[in-house]
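Visitor: Please take me through one part of this model at close range. Then show me how the rest is put together.

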Amino acid sequence: MTLLYRFYNCTLVRDHALIQDDLWIRNGKIINPEKIFFSEKTRADIEYDCQGALIAPGYIDLQINGAFGHDFSSADEASEEMLIKVAKLLTSHGVTAFVPTIVSSLPETYQEVLPIYKRRAGSAKDGATILGIHIEGPFIAENKRGAHRTDFLRKSECGIEDLKTCYGSFENVSIITLAPELPNMVENVIPELVARHDLVVSLGHSTATLDCGERAILAGARFITHLFNAMLPFHHRDPGLVGLLTTHPLPATTIVYYGLIVDTVHTHSAAVRLAHRVHPHGLVLVTDAVPALGFPDGTYHMGAHEIVVNGKRATIAGTETLCGSIASLAECVQYMRQALLDGETNKEIINEKDSTQFVVESIEAATLHPAQVLHIENQKGTLSFGADADFIFLDKSLNILSTFIAGEQAWTVTDQWSIDNLQTKSSQ
Amino acid sequence: MRLIITKDYSTVSEWGAKYIKKRINDFKPSADRLFILGLPTGSTPIGTYKKLVEFVQAKELSFKYVVTFNMDEYVGLPKDHPESYHSFMWKHLFKHIDIDPNNVHILDGSAPDLIAECEQYEQAIRDHGGIDLFVGGIGPDGHIAFNEPGSSLASRTRIKSLAQDTIAANARFFNNDINQVPKCALTVGVGTVMDAREVMVLISGASKAIALHMAIEAGINHMWTVSALQNHPKFLCICDEDATLELKVKTVKYFKGLMSVHNKSIEEDNKSS
């Protein structure tokens, strides 16, 4: 029997605002209670008092290299069980969908690992939804490789054939990060990846000029991998890829999305504010998390590297090179909100702006915008009617209180938030 | 007629809501004896609905055994159109209260047979034993429900073409595009409202002043259809100061003098009966 659930006494993030309204769920989807009232003439079977919690769509991470000690780029570890294990643990960060990311690796690795990480619908039992794979590299610029291994990098002299030889199949891939200045990328590779293989092409780890970046976007690229990091810095006569945030040759309807690692380490809060003020609708929070995410300080594996975690920083062992973040996506949302608050000098309106703008925009950067990148904004990243019932309870500081996937409770911070304790009506 | 004159829109809304609450609670509705309530839409009742919602949330009022019949609905608008009267009632009242959706009746402007829809509506009212309290508003042209000037005072539920003034006034809800505004509506008739055991009309603002004057100080006239209520044995009219601007000073003084009596009708009972 399909039950009708009503969550009340809550504030929803909906239509770019915080509104007092109930959330109605049936069959794992968010539904319109008005239609039910007038057409079906029934009321909710089960009602939950949400104790004034803020309800947001579940967070979506488009770039995550591993977590809780597991490394998605490791062929030794790669298995469906491991992926599900991480998918379940990520629900404690409010993440209800993610794209496991594989750093520059050898062809053997790709051909072993890519077929294993299949797309998968999320559930309370199996954790967050797997939205496909993000292959970051190896067709990237050597000078901007960051933590990627030089000997794994490749060039695209033969165009798309070089990519096919390297990766094997694009079947389970959703996003690819490449450097558009490499041979044939703009002319052939990007258009084919977009048109033939339905991939989201992201520009990153690149020395491309703005001009090259624009041609890449016109060729079909739509995302920028961790803006500011692993690209030329903004220069007023040579804006580089950062200049894509204000570029004018693109049609007005083209939105260039850009990932941003807002972990207080990779991006200065002033840079966050700059990007946000210039192009708020394109901002996508990503963790770019390393396997150490969720673990205390120590040394861990990633790809073929050793990483050292110390406080908020993760570096390649023996160097000062940052190699990804260990801030959860929930923390990134909190840091982004704080960055926006810090930038508001008018103390009289700061509370109003916080509650009407900063909270909403920080949450949308981790929900609506990543969903838009993947063209799934009708099902994911939103509390609109018809969308999948992936949502989270947050407190006023945006800490995660509980995570729901497909309408079922997947995680709660304490028993207080267990749905058994919130239930006030049951027609059962 | 009882004419209640209060200070402003806010007090009209509060008075109206308290009256409805008291009537329902004094009736002590039950599963075998439901309270039948007629309801309007428009900007005037929004404040009253807000107050009723507060009463329900404070557990001072329950709609569990209340049946509602709305006055009207646009023809051709789907139920979930944001400007349909279904949407209005959901947004302002039904989503916030404990009413049983089976007890809610609103004319269906998308029904395949509109005439049958109207006849069935009248039958449904009869089946419920008639309406205990019909709440309404008044248009600037003195219409009650969509009974535009010239409507028969004996009319029943039917399809009405809307007057040009009404269409123009409604354009603001349809992107100011007059072509998008529905031109017809299904509405209860003047006769349908007159059949209710009690009628309460809420009137607020200077724009309604002439209509109020024509309704209660002039003769009964089908050009000002609300005036038919002069013949109703239990007609309660709640208005604010601005709405009295076209009334005779004598009328206003007379009814203001009766306010102490009128206020008793919304007083909470302090002793159990």
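Guide: Start with one side-chain pair: B:T166 makes a polar contact with B:E148, side chain to side chain, at 2.8 Å. Keep in mind that this is a predicted model. B:T166 sits in helix α5 of chain B, residues 164–170. Is B:T166 buried or exposed? Its relative accessible area is 8%. The cut-off for buried is under 20%, so B:T166 counts as buried. Now look at its surroundings, setting aside neighbours within four places in sequence. B:T166 is in contact with B:D141, B:H143, B:F146 and B:E148.

Next, the place where chain B touches chain A. Chain B puts 14 residues into the contact, and chain A puts in nine. About 1200 Å² is buried between the two chains. Carbon and sulfur atoms give 60% of that area. How many salt bridges cross the interface of chain B and chain A? The rule finds two. In a salt bridge between the chains, the side chains of A:D21 and B:K95 meet at 3.0 Å, N to O. Six residue pairs are in polar contact between chain B and chain A, counting pairs with both residues at pLDDT 80 or more. On the chain B side, helix α3 (residues 85–92) supplies the largest share, three residues. The chain B side as a whole divides into six nonpolar, three polar and five charged residues.

Now go inside chain A. In the contact, 23 residues of domain 1 meet 25 residues of domain 2. Together the two domains of chain A bury about 1800 Å², with 67% of it on carbon and sulfur atoms. On the domain 1 side, A:G381, A:L398 and A:I405 lose the most area to domain 2. Those three account for 31% of what that side buries.

What about charge pairs here? Across the interface of the two domains of chain A, the rule finds zero salt bridges. There are seven residue pairs in polar contact between the domains, again with both residues at pLDDT 80 or more. Several strands of chain A each give at least two residues to the domain 1 side: β3 (17–20), β7 (54–57), β22 (391–394), β23 (400–405) and β24 (408–412). That side divides into 14 nonpolar, six polar and three charged residues.

Stay with chain A for one more residue. A:I419 lies in helix α11, residues 419–422. A:I419 and A:D49 are 370 residues apart in sequence, yet 9.0 Å apart in space, C-alpha to C-alpha. Leaving out neighbours within four places in sequence, A:I419 is in contact with A:Y48, A:F404 and A:Q409.

Finish at helix α6 of chain A, residues 210–218. Which of its residues are buried? They are A:L210, A:C212, A:G213, A:E214, A:A216 and A:I217. The cover over these residues includes α5 (185–195) and β15 (200–203) of chain A. Just after the helix, A:G220 takes a positive phi of about 125°.

Methods: Residues are numbered from 1 along each chain as its sequence is written. Chains are lettered from A and ligands numbered from 1 in the order in which they are written. This is a predicted model: local features need pLDDT of at least 70, side-chain atom pairs count only at pLDDT 80 or more; totals for chains, interfaces and linings use all residues. Side-chain values use heavy atoms; hydrogens and water are left out. Contact means heavy atoms within 4.5 Å. Buried area is the accessible area (1.4 Å probe) that two parts lose on being put together, summed over both. A salt bridge is a side-chain nitrogen of Lys or Arg within 4 Å of a carboxyl oxygen of Asp or Glu. A polar contact is a pair of N or O atoms within 3.5 Å; within protein, one must be able to donate a hydrogen and the other to accept it, and residues adjacent in sequence count only if both atoms are side-chain atoms. Helices (H or I, at least four residues) and strands (E, at least two) are DSSP runs, numbered from the N terminus. Ala, Val, Leu, Ile, Met, Phe, Trp, Tyr, Cys and Pro count as nonpolar, Asp, Glu, Lys and Arg as charged, and the others, Gly among them, as polar. Buried means under 20% relative accessible area, exposed over 50%, partly exposed in between (1.4 Å probe, protein chains only).
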